[in-house]
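Please examine the sequence and the model shown below. The explanation after it moves from the whole chain to selected local features.

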Amino acid sequence: MKISEVILERIKGNYALDGYVKGSVARISEHIASNKLVFFPEYTDHDVTHFEAVLETAVDLATDKSLELMTDIDFAALTTSVMLHDLGMHLTKDGFETLVSPKSPMVAIEGFGDLPWNELWVTFLAEAKRFDAKKLEALFGSNYKPVTAFPSFSEPWNEFDILLVGEFLRRHHPRLAHEIALHGMPSKDGTLIQFCNDTSEQDRFLNDISGLIARSHGLALRDTFSYLEKHYNNKIETRSAHPVFLMTLLRVADYLQIQSARAPSARTDVSKFKSPVSSREWSVHQCVTDISNISDPEAIDITAHPQDIDTFLRLEYWIRDLQRELDMSWAVLGEVYGLHAHSGLNKLGLRIRRLRSNIDDAESFSQSVTYIPEQIAFTTAGSELLKLLVGPLYANDISVGLRELVQNATDAVKELDSLVNEGVIEPTEGRTDITADVQVDFVQDSCDREPPTPEIVEVTITDRGVGMTADIIKNYFLKAGASFRSSDVWKKQFEESDGTIRVQRSGRFGVGALAAFLIGDEIEVETRHYSEPTENGLRFSTSIEATSINIEKVACAVGTKIRIKIPEHLQGKVGNLLGYSREREVNQYNGISQYFGRKPSLKYKIDEKDIPWDEKCFLPTKVSSFEGGWNYFETDDYEVNWSFESGKPALSVNQILVSGTRTNRRMSGGTNNAGIKLGSDIFVTPALSIGDKSGSFPLNLQRNAYAGSKIPFQTELATEVTDELLFTCLWYLSLKEQSSFPNYAGLKNLASWNRSGFRWLHCSDGMVLNNPRFLQAYNPQFALARYGGVDDWAVAQAIVDSLPKQSLFIHEANEEFSARNFNMKGKLTRILQGDAHYFTRKATKSQTVFVPSSFVDLIIKKMKPGKDATKALDGLVQDADSNWLVQNAHGVKEPEAVQKWRKQLSNDGLDTSVVSLHELSCSEQPLKESLDQVVFERWMEIIGQPYLPKSASDAKELQKTLMGKLGEKYKIFEQRANEKKQRQKDKAKKQGSGYS
């Protein structure tokens, strides 16, 4: 690298300094030349020429008097700091591995509160997983993908992984510059490359002061003062160096490196940048055609020709930011050196104070371009827009307002408890004005007689939660759509380093205060943050139309109280939330705010009288998992309680009920499911009570319906449901209680129109699920279908035992035949035309149908068969061995035992049936993608066969396998089954009947 002649001239007389500077520059230059910007493939040039330009500009920025005052130590430190300032961006992949290794030799420098690099990297990855679409597109381009797991160093990295590391280094390369100066550059296998000599005390001083100057371009200037004073007891003149002045030179010189030479048009012509940030940076550099200092000795004139509005706005921001940097630099120079006229240090300064450009006068500049040089975008009309939107946004449902406020209150309590339990803060003094964690007080209109539903004139929601600061009130509570629980401040308090949340949160849209105006036109808020003393509570009243809000300091307890005056036209509607006075209680069908959690506790009062709770309505959590008929499992983001028991709410999140409609709260897993579907042809959707740890479960804005396309944890849920299904089936089979088998509430009923019949089919080996995957895996070779007659387990088992191996028995006890109704004509016609159970129909090679003659006689005499029916019936012939009629008598050979059973059936009785025999060929058939594949794979993983056995002994053997797979969960299922059996016994005994 070429070093400025001014510098070389000043240090040449000091051989130690001369050797230090030239050695450092040579080693760093060699590294830069041999190691390109691995993690910044789209950045503007940061090669040696950039470092030369920054150094040359820094020298040019110093006034003549400043150059006289600068010492040889200053020139050595300035040169080295320029070489160091962007050096961290030239890190290699091997070097990055060393940097973020738990055993990294890169030790944080005391005085800046830095995390170790490995912890900083983990924290960054956790933040990256929360990047919104705007941030992701800025980093990765329009084809971005969300950040999930990051690959190990032994795995291949894609372009997104490389750009993500680049973003991490971009943020922290100023710190890295300081550490490189002291420790060296991270390299392969935990080694460090030393660039700067450290053989003498002066070398070590230069390393530290040069590193600090380089570090300063990522800090506020004043943030370096404490380090200088602690280590050198002087920020003005440190061992003959003037580091604060050198910092201003480096910072402004680095800003001024904006010119078309750093963004050559040849590259932009052939490159398509993925990152919009890179594209904008190159465009800005390319548009600057001249930087001069001619007309005003203290000003820089910039000439630029931005070709579009984005480049114009970015250039405008850069000019504004550089002017701010100049103003700050001059202010700090005056603060540090202004009183040192006796030594002349008050003369240390920069040649320039201000910037001028040809885009300053936007109106004049607009004459030279084809676009309007002004930031124009959608804006809102403030409170007027909120007034228009707040009602329709929530379908004018006042219950939403109460729910949002209670939801925010319970979140606040969870947050305070988390901070206390983690030892972050001491327990607060608590509140004396409430007797629960959250309390909702209703005040009704005073009247001589209480109406069935009261007229509520005031609602107050009080919590003992974390409370709010003035900043939270201003920037989150009163700002529609701004959720404090999405802010970096909140995440630092309640997120683990891997991105997991330590406290469940229900609020996510930033609409708590806005929704409160569904209940009333004015709210009064009293709050105190846990970090504030008693006298620093805050109180204010506001309406949605307020142009300014007076917030007063008051003495109050930690937590928040929100009081809402109810306008007359809404008093009855709010009263309706409480239900009728004679039977008033909080239950599943009258949830008031729809919160059903035990912790945090919630109490409702009306005129200071408690409203009682139905104990059965509380929703489960991780703590109460497997209680009350609920099952439980966890994923990274969710704690999932599920159940197929009737009467349970279909969907709730963080103990807050989600319902499909306001009028239908009586939801069960198979009916109104708030828009959520499991996506299985085998199972219905169970009732779900979800602990949403990250606030990411997809709900619509009103929180009354699911807003996703599929359940985020549907694979895990299907696996869990399969486990319970297998337990239930094997339990009953092992007890030989076929009369109850397979009574599993989660199985989906099959529609009769698709000829699927029952959920289970008898097979030669036991029972098989009536599902394409299971049937194809079983690979049946023969099937007997019986239409009509009475269901009888023993008869069915006897029939299937008489069939060839790998056979199916399908019984449709159709009313068409048993009741001899008019539909039997169409049913029989379809059977004779080849209709059958869907899987059997597709796999049939040949078919023989036996029809009782009484059925044919009845159809001909009473039902006036049409052309199709007549043709089908004409195809029947007399069976040679019985009085039955037969179609395709030589198609399928009838087993002797089947023939014997068929002949025993009456020709015209309750057991009279049509019998169809099928020879099958189950070649591989394409199966549609569905969650049933997960069910099938889990089933096969546990019992290794696609069917359930017919013998109790075989079922017990499979139970042992299941017990080993399920562990403690099996014991819970077993306890429930025994309790259910005992209840059935007790019920039978009470009714005076025996129990078998």
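The model is predicted. Its chain contains 34 helices and 27 strands. Of its 996 residues, 54% count as buried. Where contacts in the chain join residues at least 6 apart in sequence, 72% of them link residues at least 24 apart. The accessible surface of the chain amounts to about 45800 Å², and carbon and sulfur atoms account for 49% of that area.

Attention now turns to the sheet. Strands of a sheet pair through backbone hydrogen bonds, in either a parallel or an antiparallel manner. Here three strands make up an open sheet with mixed pairing, in the order β3-β4-β5. Strands β3 (288-292) and β5 (354-357) are its edges, each pairing on one side only. From one strand to the next, the twist averages 20°. Helix α15 (residues 309-337) packs on this sheet and touches β3, β4 and β5; the direction of α15 makes about 160° with that of β5. Strand β4 (residues 299-304) runs parallel to β5, and four bridges join the two. Within this region, aspartate 301 stands opposite arginine 356 of β5.

Leu478, Ile549 and Ile551 make a nonpolar patch of about 200 Å². Leucine 478 belongs to the loop between α19 (470-477) and α20 (488-494). Because its relative accessible area is 36%, leucine 478 is classed as partly exposed, a class that lies between the limits of under 20% for buried and over 50% for exposed.

Terms used
Residues numbered from 1 in each chain as written. Predicted model: local features only at pLDDT ≥ 70, side-chain atom pairs only at ≥ 80, totals over all residues. Heavy atoms only, no water. Pairing = 2+ DSSP bridges. Axes fitted to C-alpha atoms, helices over the stretch in contact; angles between N-to-C directions. Contact = heavy atoms within 4.5 Å. Patch = residues over 30% accessible without salt bridge, like charges linked within 9 Å, V, L, I, M, F, W, Y side chains within 5 Å. Areas by Shrake-Rupley, 256 points an atom, 1.4 Å probe, with all protein chains shown as cover. Salt bridge = Lys/Arg side-chain N within 4 Å of Asp/Glu carboxyl O. Buried < 20%, exposed > 50% of the residue type's maximum accessible area, 1.4 Å probe, protein only.
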